[in-house]
Amino acid sequence: MNLDFSDEQKQLRDQVRRFLSEECPPEKVRAVLEGPESYDKALYQGLAEMGVLGAAIPEEYGGVGLSHLELCVVAEELGRALAPVPVSSSIYLAAECLVLAGSEAQKQAWLPRLASGEAVGTLALHEGQGRTSEASIAASVKGGKLSGVKSPVADGAAADFAIVAAKEGGKLSLWLVDLTAKGVEREVLETIDPTREQARLTFKDAPAELVGGKGDGWNILTQVLDRAAILMAFEQLGGADRALEMARDYALDRMAFGRPIGSFQAVKHILADMYVSATLARSNCYYGAWALVSGAAELPVAAATARVSATTAFQHCAKNNIQVHGGMGFTWAFDCHLYYRRSNALALALGSLSQWESALIERMGAGNAGAAA
């Protein structure tokens, strides 16, 4: 059994990596971190022109019509480069919602614009701190008008539209809202990683259009979040691998007491632990990718496994990359903090690590109970 990517997919990876190495060096990431723009628009357009944004969008809606495997390959490279672009919001979440549950008119209106980079989309789900559940959502729709507050919303200030989770008649559904319409207020939130913007969206009788079946919101969300968890896990995997490479290279170059610090046992142990963490995450990400493209019954468990493993690996590698760099690793001049910021931002992007750990336990328990029955 071959569990590796195909030669064509590896060629795609190499092409995207070359593009990002030229168009997204650390200086570009810092420019977004320190500047007024919420994301790198030129980089985003360049990815669109390569067909990256439309990789998994069907051809009839302006996409390339490839599989989610190609999107996994792309996600890993975006994570390596810390690309400051709204791909996760627009493609992993908004586009997946529309492909899965959108009407023909909604798909025709928005998917081509997402694939071309003309529009940015997002998913507005959370309403403050705590675990988000169907019961915890208070946003409501009455007569086609949405009211409520969603926070944090990834790329909410830059997005052209949002898929919003809200209740009508006590039943949770998804609603498409044009964020440029009347009745929408936006506020940028201060976060640990300004290169992945978060916002608070306030809706006051904003026009809303139903996505999917009425009352089917949580079922759709669960499927979309599982898909997004695997794609984001590949982003985290890319970041973990790059943080490990940075630590390794510094350990080989930095001299102390007449020898590279990488020759000291304590540093070797740190690097070995980082390698084990990243390698375990890669195994679980590949398992998730297989379940995603094959539509396997194991997808819920595979998604949670990939998400937990990749989150842990990226945070572990980003933190220990700073430790290997020593005092210099904590300074603004070195790039270590960029990976530390992104690792913590992505750890909360789809719900906290503890939420996904709980979900993994629940899903594995349900599977064991079903097998026993």
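The crossing of helices α7 and α9 is left-handed, a crossing being left-handed if the near helix is turned anticlockwise from the far one by less than a right angle, and right-handed if clockwise. The model is a predicted one, in which local features need pLDDT of at least 70 and side-chain atom pairs count only at pLDDT 80 or more, whereas totals for chains, interfaces and linings use all residues. Residues are numbered from 1 along each chain as its sequence is written, and side-chain values use heavy atoms, with hydrogens and water left out. Helices (H or I, at least four residues) and strands (E, at least two) are DSSP runs numbered from the N terminus.

The axes of α7 (residues 217–253) and α9 (residues 299–325) come within 8 Å and cross at roughly 25 degrees, where axes are lines fitted to C-alpha atoms, for helices over the stretch in contact, and angles run from 0 to 180 degrees between N-to-C directions. That angle makes α7 roughly parallel to α9; angles under 35 degrees count as roughly parallel, over 145 as roughly antiparallel, 65 to 115 as roughly perpendicular and the rest as oblique. By class, the contact of α7 with α9 has 20 nonpolar, 5 polar and 2 charged residues, with Ala, Val, Leu, Ile, Met, Phe, Trp, Tyr, Cys and Pro counted as nonpolar, Asp, Glu, Lys and Arg as charged, and the others, Gly among them, as polar.

Helix α9 also meets α10 (336–348). The axes of α9 and α10 come within 9 Å and cross at roughly 160 degrees, which makes α9 roughly antiparallel to α10, and the crossing of this pair is left-handed. The residues of α9 that take part include Arg307, Thr311, Phe314, Gln315 and Ala318, and among those they meet in α10 are Cys336, Tyr339, Tyr340, Arg342 and Ser343, contact meaning heavy atoms within 4.5 Å. By class, the contact of α9 with α10 has 9 nonpolar, 6 polar and 3 charged residues. Ser343, which is found in helix α10, is buried, with a relative accessible area of 0%; buried means under 20% relative accessible area, exposed over 50% and partly exposed in between (1.4 Å probe, protein chains only). When its neighbours within four places in sequence are left aside, Ser343 is in contact with Phe314, Gln315 and Ala318.

A further pairing involves α4 (68–81) and α7, whose axes come within 7 Å and cross at roughly 40 degrees. This angle makes α4 oblique to α7, and α4 passes α7 in a right-handed crossing. By class, the contact of α4 with α7 has 7 nonpolar, 4 polar and 6 charged residues.

In helix α2 (residues 26–34), Val29, Arg30, Val32 and Leu33 are buried. Seen down the axis of α2, the buried residues fall within an arc of 160 degrees, so they line one face of the helix; the arc is that of the directions from the helix axis to the C-beta atoms. These buried residues pack against α4 and α10, whereas the face of α2 turned away from its buried side carries the exposed residues Glu27 and Glu34. Pro25 is placed in the loop between α1 (7–23) and α2 and, at 23% relative accessibility, counts as partly exposed. Pro25 and Leu82 are 57 residues apart in sequence and 9.1 Å apart in space, C-alpha to C-alpha. Gly35, in the loop between α2 and α3 (41–49), is partly exposed as well, with a relative accessible area of 30%, and Gly35 and Asp249 are separated by 214 residues in sequence and by 29 Å in space, C-alpha to C-alpha.

The peptide bond from Ser151 to Pro152 is cis, with omega near -5 degrees, and Pro152 lies in strand β3 (residues 145–154). Asp155, which lies in the loop between β3 and β4 (161–168), has phi near 60 degrees, a positive value in a residue other than glycine, and is buried, with a relative accessible area of 0%. Asp205, found in strand β7 (residues 198–207), likewise has a positive phi, of about 55 degrees, although it is not a glycine.
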